[in-house]
Amino acid sequence: MRIGIDLGGTKIEVIALDDEGQAILRKRVATPRDDYPGTVETIAALVERVEQETGQRGSVGVGIPGTLSPYTGKVKNANSVWLNGQRLDKDLQTRLQRSVRMANDANCMAVSEATDGAGIGMSTVFAVIIGTGCGSGIALNGKVHSGGNGVAGEWGHNPLPWMDEDERRIMQKVPCYCGKSGCTETFISGTGFMQDYARLSGQQRSGAEIVHLAAEGDKWAERALSNYERRLAKALAQVINVLDPDVVVLAGGMSNVDRLYDSLPSLITPWVFGNECQTPIRQAVHGDSSGVRGAAWLWPQEEAR
């Protein structure tokens, strides 16, 4: 049995998978915000509860909203800031008395989709989470690729490529929370999409409302959605020029916009070097469950027993 943990800012989710990848049990509890010892204890208690209810002992994988520094072994870049600077994997291993594997939550999503999702059978999977923020992960042959600095896949904190004049104006007015300006995240997150509509229309709407208005012919909603598609296409073309993945998998709230899967292929191609691109763009099969499933899959079958 594999046990996966998805450590989020507001909730911690656990899943237990059998050898075929079927869910045996799932639970969610609130995250003890700003309480590092409480977070460790909550994760450990969830693992113990799963094992008690299933009568099985499992391997443990954890997805976190940050990464482990390959130099210090401590968590860095986590927006759940009470995790930063902590040796979370070591503390969990001590508490649970077993090995624990840990990876960025977007990398876990990439592993999940590479294992039994939209990227099954693909050697290089680039998985994107486009929600409140935007992140991405890379799976190579079904395993996390985190890179020598632990930041592989931090696509959202590179500049949006090939900016037009409007995008340069936005860049100057909307700095990214990371301290830089022009980051892809400020344009292609769900938050960026809503902010663009508000700039154009003077009204605040949710992402789902804007998409609905566009379908009804609202000119500002259609313009915001067209802007979003063009910007996402440019950002993905940049990844294809560098990594050339076998598939791009989309997850998060904006991945539910159906028209993206029709519009993106033709919008990406002109920005790809050589003007040729047939990289499939697919929605994540496991949706919001991809992260917690991928955490469980950090242990391949032959090692989980």
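Which residues of H1 are buried? This note takes that question first and then works along the chain of this predicted model.

1. **Helix H1.** The buried residues of H1 are Tyr36, Gly38, Thr39, Val40, Thr42, Ile43, Ala44, Leu46, Val47, Val50 and Glu51. The helix covers residues 36–54, 19 residues in total. From first C-alpha to last, H1 reaches 28 Å, close to the 27 Å expected at 1.5 Å a residue.

2. **What H1 packs against.** Four strands and a helix take part. The buried residues of H1 pack against strand S1 (2–7), strand S2 (11–17), strand S3 (23–30) and strand S4 (59–64). They also pack against helix H2 (88–96). An α-helix has 3.6 residues a turn, so residues three or four places apart point the same way.

3. **Ile64.** This residue belongs to strand S4, one of the partners of the buried residues of H1. Ile64 counts as buried because its relative accessibility is 1%, and the cut-off for buried is under 20%. Setting aside neighbours within four places in sequence, Ile64 is in contact with Leu7, Val75, Leu88, Met102, Ala103, Asn104 and Asp105. Ile64 and Val75 are 11 residues apart in sequence. Their C-alpha atoms are 8.9 Å apart in space.

4. **Two residues to check for phi.** Most residues other than glycine have a negative phi. Asn77 is not a glycine, yet its phi is positive, about 65°. Asn77 sits in the loop between strand S6 (75–76) and H2. Its relative accessible area is 47%, so Asn77 is partly exposed. Asn275 also has a positive phi, near 60°, and is a residue other than glycine. Asn275 is placed in the loop between helix H9 (260–268) and strand S12 (281–283).

5. **Gly150.** Look next at the loop between strand S10 (143–144) and H4, where Gly150 is found. Gly150 is buried, with a relative accessible area of 10%. Beyond its neighbours within four places in sequence, Gly150 is in contact with Thr67 and Pro70. Gly150 and Gly294 are 144 residues apart along the chain, and their C-alpha atoms are separated by 17 Å.

6. **Thr184.** The loop in question runs between H4 and H5. Leaving aside neighbours within four places in sequence, Thr184 is in contact with Trp155, Gly156, Asn158, Pro159, Leu160 and Ala235.

7. **Helix H6.** H6 has 12 residues. Its first and last C-alpha atoms are 17 Å apart, close to the 16 Å expected at 1.5 Å a residue. The buried residues in H6 include Gly190, Gly192, Phe193, Asp196, Tyr197 and Ala198. The buried residues of H6 pack against helix H4 (165–173), helix H5 (185–188), helix H7 (207–215) and H8. Gly202 follows H6, and its phi is positive, near 80°.

8. **H6 against H8.** How do the two helices meet, and at what angle do they pack? H6 (residues 190–201) and H8 (residues 219–242) pack at an angle of about 140°, with their axes 9 Å apart. The two helices are therefore oblique to each other, as the cut-off for roughly antiparallel is over 145 degrees. Their crossing is right-handed.

9. **Residues at that contact.** H6 contributes Phe193, Asp196, Tyr197, Leu200 and Ser201. H8 contributes Trp220, Ala221, Arg223, Ala224, Leu225, Asn227, Tyr228 and Arg231. By type, the residues of this contact divide into eight nonpolar, two polar and three charged. Phe193, Asp196 and Tyr197 of H6 are buried.

10. **Asn227.** Where does this residue lie? Asn227 is found in helix H8. Asn227 is buried, because its relative accessible area is 8%. Apart from neighbours within four places in sequence, Asn227 is in contact with Asp196 and Leu200. Both Asp196 and Leu200 are listed on the H6 side of the contact with H8. Asn227 and Ile188 are 39 residues apart along the chain, and their C-alpha atoms are separated by 9.4 Å.

Notes
Residues are numbered from 1 along each chain as its sequence is written. This is a predicted model: local features need pLDDT of at least 70, side-chain atom pairs count only at pLDDT 80 or more; totals for chains, interfaces and linings use all residues. Side-chain values use heavy atoms; hydrogens and water are left out. Axes are lines fitted to C-alpha atoms, for helices over the stretch in contact, and angles run from 0 to 180 degrees between N-to-C directions. Angles under 35 degrees count as roughly parallel, over 145 as roughly antiparallel, 65 to 115 as roughly perpendicular and the rest as oblique. A crossing is left-handed if the near helix is turned anticlockwise from the far one by less than a right angle, and right-handed if clockwise. Contact means heavy atoms within 4.5 Å. Ala, Val, Leu, Ile, Met, Phe, Trp, Tyr, Cys and Pro count as nonpolar, Asp, Glu, Lys and Arg as charged, and the others, Gly among them, as polar. The expected span of a helix is 1.5 Å times one less than its number of residues. Buried means under 20% relative accessible area, exposed over 50%, partly exposed in between (1.4 Å probe, protein chains only).
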